[in-house]
Amino acid sequence: MAKEKANFAARFAAFFFQLHQRYRPTKQTKYFCPHCHNALYRWKAQPLVTIYKCGHDQCPAFLKAKNKLNNSEKYLQQKKLSQFKLRYQYREYHFQPSDLQHAAPDLPKINLNRIFNSSDILGLVLAFHVSCAIPARKTAFVLRHIFKVRISYQTVLNYAESAAYHCHVFNLQNKGPIDNLSAGDETYIKIMGKHGFVFFFVSTQKLKITAYHLADTREVLPATIAIQEAIRTADPDQDLSLITDGNPAYPAAIHFINANRTPLPALSHHQVIGLQNLDKESTDFRHYKQIIERLNRTYKAHVRPANGFNTRNGALALTTLFVTHYNFLRPHMSLKYQVPIPLPELNSIATLQGKWVKILSLASQAAV
Ligand SMILES: [Zn+2]
């Protein structure tokens, strides 16, 4: 028996001795290649991510990727190895809680309780500018020439930014429970001529927006922040599934969240890829993907009149107010003309501007 054990140990040692040192398992080995089961070596360490790589030359994933290259690509690969990602890589993200903050509008310059105009005017500004998607200049025009209220377009923007600060807190506090299935996507907007990305998640039965994170990229960190906010109010034992497109940021973000989620049930993920259903997953979940695409179109219709934003905070303010409008004020055909999150406090209020004023007063009470 002891001899057998010794034999086995010798064969085991011989096997690993053949391996290059860098992928021979050591005490520090944390990860193994899912294709060839050899140890991954630490390839790159960056502040937010450490990348591990499989260096085994007989790894099936590596051989398969290498065979796919044509002759000129093979030549380039020999010259410049890192240009082709042929080897299996594992990315270990180490975001800190301080990295994972959902975008929030800045503290406002003006106090809504001390504004020159009455709260009715403020309600009208939000009803026209946000709910009816009328640009700031036109909103000022309508108020001036139809309602005889002298107001500048800058005042419209200032009111919107101040209201957004309070509405953001209100949106997150009043989100309520979420459905088992959530769909997410990112859409771009223009801020000072550059692309900004808004990551939306929507709960697929109640049709409420559960995250609306604004970021400069469509990468793993903003995807993680949006997903984390989207599932924040779920029941701890709820089995949650997320539906997204093929952006690789989503599986990486879900992997990071799941790694930090034990013992809670892991999030599952379904990707809907391309415009046609070429795989079963895309066929089964496309319906949910369409919910988020419709939301994106509605959002675009609301921000397009702004024709790009001059400040990041202006973009975030209009996005935040759009979410307040969408979740609490906008009747939805598939919800039998109910709003996604009905608030009993708004039942007795007949006008849209009245409802906006009520939401702001609830938001400021909650802040106290
Ligand atoms: Zn491998």
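Author: Let us begin with a sheet: 5 strands form an open sheet in the order β6-β5-β4-β7-β8, with mixed pairing. This is a predicted model, where local features need pLDDT of at least 70 and side-chain atom pairs count only at pLDDT 80 or more, while totals for chains, interfaces and linings use all residues. Residues are numbered from 1 along each chain as its sequence is written.

Reader: What makes β6 and β8 the edges of this sheet?

Author: β6 (209-215) and β8 (268-271) each have a single partner strand, so one side of each is left without a neighbour in the sheet. Neighbouring strands here are turned by 25° against each other on average, direction ignored.

Reader: How do you know that β4 and β5 are paired?

Author: Two strands pair if DSSP finds at least two bridges between them. Strand β4 (residues 181-191) and strand β5 (residues 194-203) are joined by 10 bridges and run antiparallel. As one example, A183 stands opposite V202 in β5. Strands (E, at least two residues) and helices (H or I, at least four) are DSSP runs, numbered from the N terminus.

Reader: Which strands does β2 pair with?

Author: β2 (residues 49-53) is joined to β1 by 4 bridges, and to β3 (residues 89-93) by 5 bridges. Both pairs run antiparallel. In β2, T50 is the bridge partner of A45, while I51 has R91 of β3 as its partner. β1 and β2 form a hairpin with 3 residues between them.

Reader: Why is α10 called largely enclosed?

Author: A residue is buried if 20 or more other C-beta atoms, placed from the backbone, lie within 10 Å of its own, exposed if 12 or fewer, and partly exposed in between. In α10, 17 of the 18 residues are buried, so the helix is largely enclosed by the rest of the structure. Across the 368 residues of the chain, 35% count as buried. Helix α10 (residues 312-329) lies across β4, β5 and β6, at about 170° to β6.

Reader: Why are α7 and α8 called oblique?

Author: Angles under 35 degrees count as roughly parallel, over 145 as roughly antiparallel, 65 to 115 as roughly perpendicular and the rest as oblique. Helix α7 (residues 220-230) and helix α8 (residues 249-259) pack at about 60°, with their axes 8 Å apart. These two helices are therefore oblique to each other. Their contact (C-beta atoms, placed from the backbone, within 7 Å) involves residues including V220 and I227 of α7 and Y250 and F256 of α8.

Reader: How do you know that H37 and M192 are exposed?

Author: Count the C-beta neighbours inside 10 Å: H37 has 10, so it counts as exposed. M192 has 12, and therefore M192 counts as exposed too. H37 is found in the loop between α1 (2-18) and β1 (41-45), and M192 in the loop between β4 and β5.

Reader: What is the phi of each of these residues?

Author: Most residues other than glycine have a negative phi, and most peptide bonds are trans. H37 has a positive phi of about 65° although it is not a glycine, and M192 has a positive phi of about 50°, again without being a glycine. There is a cis peptide bond as well, joining T262 and P263, with omega about 5°. P263 is found in the loop between α8 and β8.

Terms used:
Axes fitted to C-alpha atoms, helices over the stretch in contact; angles between N-to-C directions. Contact = placed C-beta atoms within 7 Å.
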